[in-house]
Amino acid sequence: MEQYTVTGMSCAACQAHVEKAVCKLEGVDNVSVSLLTNSMSVEGDVSPETVIKAVEDAGYGAKLKGAEGRGPSASEKLAAEEEALRDHETPRLLRRLISSVVWLVILMYLTMGHNMLGLPVPAFLEHNHLGLATIQMLIALIVMYINRDFFTSGFKGLVRLSPNMDALVALGSSVSFLWSLFVYFKMTVMITDGAANADLMALYHDQLYFESAAMIPALITVGKTLEAFSKGKTTNALKNLMKMAPKTAVVVRDGEEKTVGIDEVAIGDIFVVKPGEAIPVDGVIVEGEAAIDESALTGESIPVDKAEGDAVSAATINQSGFIKARATRVGEDTTFSQIIQMISDAAATKAPIARIADKVAGVFVPTVIGIAIVVGIVWLLAGREVSYALERAICVLVISCPCALGLATPVAIMVGNGMGAKNGILFKTSEALENTGRVQIVALDKTGTITEGRPEVKKVITAKGVTEKELVELAYSMELKSEHPLARAVVEYAKKQGVQLQEVAQFRVLAGNGLTGSMDGASVFAGSLKFIQTKTDIGEALKKAAWDAADKGQTPLVFMRGGSVLGIITVADVIKSDSAQAVKELKKQGIEVVMLTGDNERTARAIGAEAGVDRVYAGVLPEGKEAVIRSLQERGRVAMVGDGINDAVALTRADTGIAIGAGTDVAIDSADVVLMNSKLTDVSAAIRLSRATLRNIHENLFWAFAYNALLIPMAAGAYAAIQMNPMWGAAAMSLSSFTVCMNALRLNLFKVHDASHDRPLKKAKPYDGENVVVLDGATGASNNQEGDNIMTRTVKVKGMMCAHCEASVKKALEALDGIENAVVSHDAGTAIITESKQVDEELIKKAIEDKDFTYVGIE
């Protein structure tokens with residue numbers, strides 16, 4: 001996706017014209033133009049030069065972000081982003097407004113002060129109607145020149161047959177001026193012919209609109225100034241975040257501490273952070289201890305204690321303590337830079353709801369011009385004088401406001417994104433912010449999401465005649481080679497016990513079951529109770545002990561050697577302190593909450609009951625999560641919450657993927673929403689914020705549509721009791737956009753963690769199955785209810801380099817009969833396929849090779 005800065009846009013119609021011009025280009029897949037940030041994102045295979053030319057041909061300017069020569073450094077890019085968000089418009093408009101007001105004061109003194117209130121004027125102007133008219137004409141010309149941007153932009157749009165809001169202002173003001181000029185010349189002819197002063201006075205008072213010609217652009221400038229000011233406020237959260245970016249770092253080089261620019265820090269450098277200083281880049285502490293304020297990333301104000309070996313992030317503050325750390329991520333790769341990039345990217349995207357307003361805005365201005373012409377003709381046919389018909393037509397032109405329509409969505413999205421960032425909730429796109437509040441089912445991964453993700457050994461139960469040392473030694477030797485979280489718990493326990501490590505030969509991981517190998521010539525196995533029961537008889541005593549542990553939420557790991565069971569080690573992961581509260585809040589929001597776990601039914605039931613979830617899916621292997629999500633989607637919109645690599649496919653498959661606790665890089669890439677904290681209550685907070693933002697957008701759109709629906713007929717003279725002057729029409733138009741922006745700014749006062757006003761929205765279709773569903777491993781097929789025979793397999797592919805390669809492979813695989821879905825990753829070199837029936841391997845191979853990629857095999 002390429003991003004551009006667009007200049008010259010003044011309203012929603014301009015935005016629509018730019019979008020339409022670029023959409024026509026061959027190779028463009030998607031275009032999103034933001035009036036709020038004056039930016040454009042373009043997806044597809046098209047050169048920047050072609051895009052820029054299309055924008056320029058439409059009458060606007062465009063520049064590729066970061067296009068100046070060499071690639072910009074991280075700090076230069078950040079500075080450029082900050083400069084792009086800086087409010088340049090308000091000061092310029094303010095100067096224009098002050099100049100306009102000075103001249104308008106003089107004009108209004110003559111037209112209202114003297115004519116209506118009888119205030120004095122110089123003697124040579126007393127009863128000199130032509131002289132007064134001449135001064136009014138000159139002042140109107142001056143004010144129109146000060147606000148000439150409306151006329152240059154408006155008439156350019158008319159010439160190109162793509163009129164914008166400026167065209168309405170330019171037409172309204174110009175028609176007022178030209179009609180007044182016609183009347184002015186008529187007055188000069190009457191004076192030449194010796195007309196009576198009373199006739200001149202009638203023309204002067206009733207048919208001169210010089211003050212309207214000047215007042216229309218001036219009042220619109222008032223509205224533009226207020227709009228620019230409030231738009232500037234909507235980006236405050238992002239601007240404040242950017243200001244926190246460190247500019248320098250103190251690094252240790254050649255044994256000395258040196259202060260260098262942030263771009264000079266390299267991976268592996270040792271940097272020093274003293275109390276009160278910001279951490280310059282991401283790193284790992286190699287010396288010292290400190291209390292770190294991570295509120296810039298997580299929104300949590302309570303400092304976190306860090307010691308040697310702990311990770312630290314850029315832009316967090318060392319509140320106390322002295323530390324040395326080794327740089328692990330620098331430049332654009334730091335967590336802080338990625339957060340800013342996410343927010344910027346989200347601002348450049350467009351929410352689906354915005355497309356409704358965009359479609360209206362695209363035809364709004366031509367329609368209003370047509371209505372104004374019809375209104376003028378109708379009043380002339382009704383027998384009214386030309387001045388009255390023109391006044392009504394001018395009112396229609398100047399009161400119509402497409403800007404409110406164009407701003408209704410982006411200002412609310414920008415403020416919502418800013419509020420999320422302040423609270424450690426990052427929405428990667430505007431669509432994600434809109435859709436998160438619409439979820440009906442939330443699927444929670446157990447390990448690391450509901451639980452702490454740090455399991456520990458609870459109990460060691462030995463078989464008759466086996467010592468605890470003997471059992472732990474076997475467990476240690478086997479689990480040391482496993483990467484499973486439960487294995488780490490056993491290894492840590494064994495290390496504390498000081499047992500000896502034995503050599504395990506022919507070690508293998510049996511996915512979804514356990515481990516196997518040989519020790520001293522005897523075969524050894526470790527795994528679940530169900531798996532070991534297929535190898536030998538466990539015995540009633542150990543079986544009962546395993547069931548009792550499972551009922552307490554513990555996972556029993558059974559170990560055997562040479563056909564005999566040595567015993568059981570039970571491991572448990574502690575449930576997070578806020579998990580039950582989070583589930584309660586989600587239920588209050590009318591959301592169904594389910595838990596996915598690979599645990600056996602008893603353990604899953606116990607943890608599910610403690611957390612308070614509606615339903616538990618037990619026995620789910622990592623590759624089976626996607627199938628569960630698909631089955632849930634048949635009943636409603638699903639959000640998947642996870643934190644690991646094994647959640648990536650399910651996060652992608654869900655309507656909204658939420659990565660919690662920052663998660664792994666793969667999880668973050670797959671997710672739509674990233675929660676910087678490990679608090680599960682942030683899930684309900686994200687949904688709450690999304691709903692509040694969507695509600696605000698609906699309010700804005702209602703106001704924008706209602707304003708035009710009510711006031712255009714009024715301006716046209718449809719309400720006999722109300723006769724509107726063009727100046728009042730311009731004032732009403734000025735306030736409409738300002739009102740929309742101010743309503744969006746109310747979101748800054750929203751309390752994202754306050755659940756007191758939560759209420760259910762549209763719920764998912766009812767579920768009439770069992771509360772604990774035991775699944776058959778990776779297939780996602782239920783063992784205790786009817787289900788589809790769904791399979792998931794991983795295909796290894798070589799040669800993919802980018803997202804376009806991924807799309808090509810995905811399209812080829814999904815075209816095969818039996819493949820329901822393919823999740824492709826060029827980074828991992830895999831395509832995870834979900835099949836309703838097993839597809840022949842040769843067909844899969846041919847589909848991949850036909851796209852010029854290398855088929856490696858199926859795992």
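1. In which strand is Arg 615 found? The model discussed here is a predicted one, and in this model Arg 615 belongs to strand 23, which covers residues 615-620. Arg 615 counts as buried, because its relative accessibility is 2% and the cut-off for burial is under 20%.

2. Asp 614 lies in the loop between helix 23 (601-611) and strand 23. The side chain of Asp 614 meets that of Lys 587 in a salt bridge, with an N to O distance of 3.7 Å. Lys 587 is in helix 22, so this pair ties together parts that are 27 residues apart in sequence. Asp 614 is partly exposed, with a relative accessible area of 32%, and Lys 587 is also partly exposed, at 37%.

3. Helix 22 (residues 579-588) also contains Glu 585. Glu 585 forms a salt bridge with Arg 688, and the closest N and O atoms are 3.2 Å apart. Arg 688 lies in helix 27, so the pair ties together parts that are 103 residues apart in sequence. Glu 585 is buried, with a relative accessible area of 9%; Arg 688 likewise counts as buried, at 4% relative accessibility.

4. Leu 680 has its place in the loop between strand 26 (673-675) and helix 27 (681-716). Is Leu 680 buried or exposed? Its relative accessibility is 0%, so Leu 680 counts as buried. The C-alpha atoms of Leu 680 and Val 583 are separated by 8.3 Å, although these residues are 97 positions apart along the chain.

5. A further salt bridge should be noted within a single helix. Lys 543 and Glu 540 both lie in helix 21 (residues 540-551), three residues apart, which is about one turn of the helix. Their side chains meet in a salt bridge of 3.7 Å, N to O. Lys 543 counts as buried at 14% relative accessibility, whereas Glu 540 counts as exposed at 59%. In the whole structure, a search finds 22 salt bridges.

6. Strands of a sheet pair through backbone hydrogen bonds, either parallel or antiparallel. Strand 19 (residues 522-527) is joined to strand 20 by four bridges, and the two run antiparallel. Within this pairing, Val 524 has Arg 561 of strand 20 as its bridge partner. Strand 20 pairs in turn with strand 21 (residues 564-572), in the antiparallel sense and over seven bridges. Phe 559 stands opposite Gly 567 in strand 21, and Leu 557 has Ile 569 of strand 21 as its bridge partner. The hairpin of strand 20 and strand 21 has two residues between the strands, and Gly 562 takes a positive phi near 60° there.

7. Strand 21 has a further partner in strand 16 (residues 456-462), to which it is joined antiparallel by six bridges. In this pairing, Val 460 stands opposite Ile 569. How many of the residues of strand 21 are buried? Eight of the nine are, so strand 21 is largely enclosed by the rest of the structure. Strand 20 (residues 555-561) is also largely enclosed, because six of its seven residues are buried.

8. A separate open sheet consists of three strands in the order 10-9-12, with antiparallel pairing. Strand 10 (304-306) and strand 12 (317-320) stand at the edges with a single partner strand each, so one side of each is left without a neighbour in the sheet. From one strand to the next, the twist averages 45°. Strand 9 (residues 290-293) is joined to strand 10 by three bridges, and Ala 290 has Lys 306 of strand 10 as its bridge partner.

9. Finally, the surface includes a nonpolar patch formed by Leu 94, Ile 98, Val 102, Trp 103 and Ile 106. Together these residues have about 430 Å² of accessible area. Trp 103 is found in helix 4, residues 89-114. Trp 103 is partly exposed, because its relative accessible area is 32%, which falls between the cut-offs of 20% and 50%.

Key:
Residues are numbered from 1 along each chain as its sequence is written. This is a predicted model: local features need pLDDT of at least 70, side-chain atom pairs count only at pLDDT 80 or more; totals for chains, interfaces and linings use all residues. Side-chain values use heavy atoms; hydrogens and water are left out. Buried means under 20% relative accessible area, exposed over 50%, partly exposed in between (1.4 Å probe, protein chains only). Two strands pair if DSSP finds at least two bridges between them. Axes are lines fitted to C-alpha atoms, for helices over the stretch in contact, and angles run from 0 to 180 degrees between N-to-C directions. Patches are made of residues with over 30% relative accessible area and no salt bridge: like charges are joined within 9 Å, nonpolar side chains (Val, Leu, Ile, Met, Phe, Trp, Tyr) within 5 Å. Accessible areas come from the Shrake-Rupley method with a 1.4 Å probe; for residues, only the protein chains shown count as cover. A salt bridge is a side-chain nitrogen of Lys or Arg within 4 Å of a carboxyl oxygen of Asp or Glu.
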